[in-house]
Amino acid sequence: MKPCCSFLAIVVLAAMGASARAQTAAPDAAALYQDKCASCHGAERLGAVGPALLPDNLGRLGQKGAEMVIRDGRAATQMPAFGAEIDDAGVKALASFVYGKPAATPRWGRDEIGASRVLTPAPAADRPMFAADPLNLFVVVEGGDHHVTILDGDKFEPITRFASRFALHGGPKFTPDGRYVFFGSRDGWVTKYDLWTLQVVAEARAGINTRNIALSRDARFIAVANYLPNSLVILSAADLSVLKIFDVADRAGQSSRVSAVYQAPDRGSFIAALKDVPEIWEIATQGPATEPLPLRRIAITAPLDDFFFDPGYRHLIGANRDGTQAVVVALSEGREIATIPLPGMPHLGSGISWVRSGQRVIATPHLRDGKISIIDTATWTAIATVPTEGPGFFMRSHENTPYVWTDSFMSKENKDLIQILDKNTLAIVRTLKPAPGKTTAHVEFDRSGRHALVSVWENDGALIVYDAATFAEVKRLPMSKPVGKYNVYNKITFSEGTSH
Ligand code: DHE
């Protein structure tokens, strides 16, 4: 009996040991997070020197992608590889943890924004500290390693390059004199940069998950459109202090994210579309800085995701992600005046406009179909469709060129193509393949319209300068995924061929 009991005891003890080991082997993701991640990404996952790790902020990375980043690190960032310290089960558990919704909706209000603010005033300067034309600079956002290059737009030589916040998104906004530029990051950081002294002068975090920012015409206010929390934040453009926070909701109190906000210079206002409720908001920015920035609501039929304006900002033309039509809203009248069938998911945020045969047209690429739609702004009808080599993302032109440049960024096979169409005949006059097999997208002209700059959208990418008349390559500068480039003059003059 005895040996048998001992044997049983050994078996039971062994089984208990194994089960205890199995229990300790199950990784405690929350503890791992606090141990390995919290110092950079924040104890609440709201971000610190590293980005916020919340499902909405991580969106397109995917859980598998997150596992890879945890294991291997992220090139050209401060994210180290944890593969040697955390086993596979731990990596998986961490990735699933950061994709889990937090128990409570994180708060990001006046106190948090105020506490995040950092001011680093630049020395007094009455002129730029470089010889290049300050109005023909390009601000190049390099998404590969999260840097910004300031480029001389005549010589196409970098003047300086600095580390930006993680994942800048959308076009930077320039003060009317071209001296300051404001950047918005997907993590809600707003950065004010002095282009004369070449330094960051103020930063504040205005949201946790941000869509974009806008600067008022008089350069007094910055509006920040947020997904998380559901807010539209108004900062002072002087020092990024908080002036007002709109908790975004419709008249009935239904809360909403903000799709995007833009300034409407001719109206002296910000215009925002709401993502979850059918309203457009107009916030007047004229009058004393102390006034309460009055809000006007325009009721529409369905929420808008993506929108654009006609020159003069009398009409907004917008679409939702269902992607089959656009609606036109007369802003002063405050009502929808037309619906334009536009199947194939128009990307109206990238729309541009020009005058063709005496008539103003708006052109938009489509995210799903390989085509450009041309819309007549007198009748608000689609008057032509130009087939392209694949669905595109961006379009650009300039007053001094007869051409429009577009990409096939959303195409599987042809994302290395740039196509150039004649503004008058609408014929495709040239197809460029600047870097075979590599994604090529986003064009911006220099101040004169004589050169077009194209991005090779890879981590070991490039900025290619083309002669805009002959389409000959002039120069190729290595860059780390130059997601966007913005010419100071074209932006501050609201060139009809570029984004605003
Ligand atoms: Fe953007 C601009 C929304 C995905 C690169 N993008 C904008 C703007 C909006 C917008 C509202 C205008 C902001 C401004 O200039 O003030 N973008 C969206 C989306 O809804 C979408 C489809 C989904 C999302 O993830 O948010 C989206 N955008 C992307 C990308 O995947 C891109 C290609 C890569 C990236 O960096 O995220 C991308 N968006 C850009 C760029 C601009 C932009 C480069 C500025 C274009 C310009 O020339 O002004």
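This is a predicted model: local features need pLDDT of at least 70, side-chain atom pairs count only at pLDDT 80 or more; totals for chains, interfaces and linings use all residues.
User: Why is α4 called oblique to α5?

Analyst: The axes of helix α4 (residues 63-72) and helix α5 (residues 88-98) come within 9 Å and cross at roughly 125 degrees. Angles under 35 degrees count as roughly parallel, over 145 as roughly antiparallel, 65 to 115 as roughly perpendicular and the rest as oblique, and α4 is therefore oblique to α5.

User: Which residues make the contact of α4 with α5, and how many of them are nonpolar, polar and charged?

Analyst: With contact meaning heavy atoms within 4.5 Å, α4 contributes Q63, K64, A66, E67, I70 and R71, and α5 contributes D88, V91, K92, L94, A95 and S96. By class, this contact has 5 nonpolar, 2 polar and 5 charged residues.

User: Which residues of α4 are buried, and what does their cover include?

Analyst: G65, A66, E67, V69 and I70 of α4 are buried, where buried means under 20% relative accessible area, exposed means over 50%, and partly exposed lies in between (1.4 Å probe, protein chains only). What covers these buried residues includes α5.

User: How do you know that C37 is in no disulfide?

Analyst: A disulfide is a pair of cysteine sulfur atoms within 2.5 Å, and the cysteine sulfur nearest to C37, that of C40, is 8.8 Å away, so C37 is in no disulfide. A search of the whole structure finds 0 disulfides.

User: Why does C37 count as buried, and what makes C40 partly exposed?

Analyst: C37 counts as buried because its relative accessibility is 11%, whereas C40 is partly exposed because its relative accessible area is 32%.

User: Where does S408 lie, and why does S408 count as buried?

Analyst: S408 lies in the loop between β26 (403-407) and β27 (418-422), and S408 counts as buried because its relative accessibility is 1%. Not counting residues up to four places away in sequence, S408 touches E389, G390, P391, G392, N414, K415 and L417.

Definitions and conventions:
Residues are numbered from 1 along each chain as its sequence is written. Side-chain values use heavy atoms; hydrogens and water are left out. Axes are lines fitted to C-alpha atoms, for helices over the stretch in contact, and angles run from 0 to 180 degrees between N-to-C directions. Helices (H or I, at least four residues) and strands (E, at least two) are DSSP runs, numbered from the N terminus. Ala, Val, Leu, Ile, Met, Phe, Trp, Tyr, Cys and Pro count as nonpolar, Asp, Glu, Lys and Arg as charged, and the others, Gly among them, as polar.
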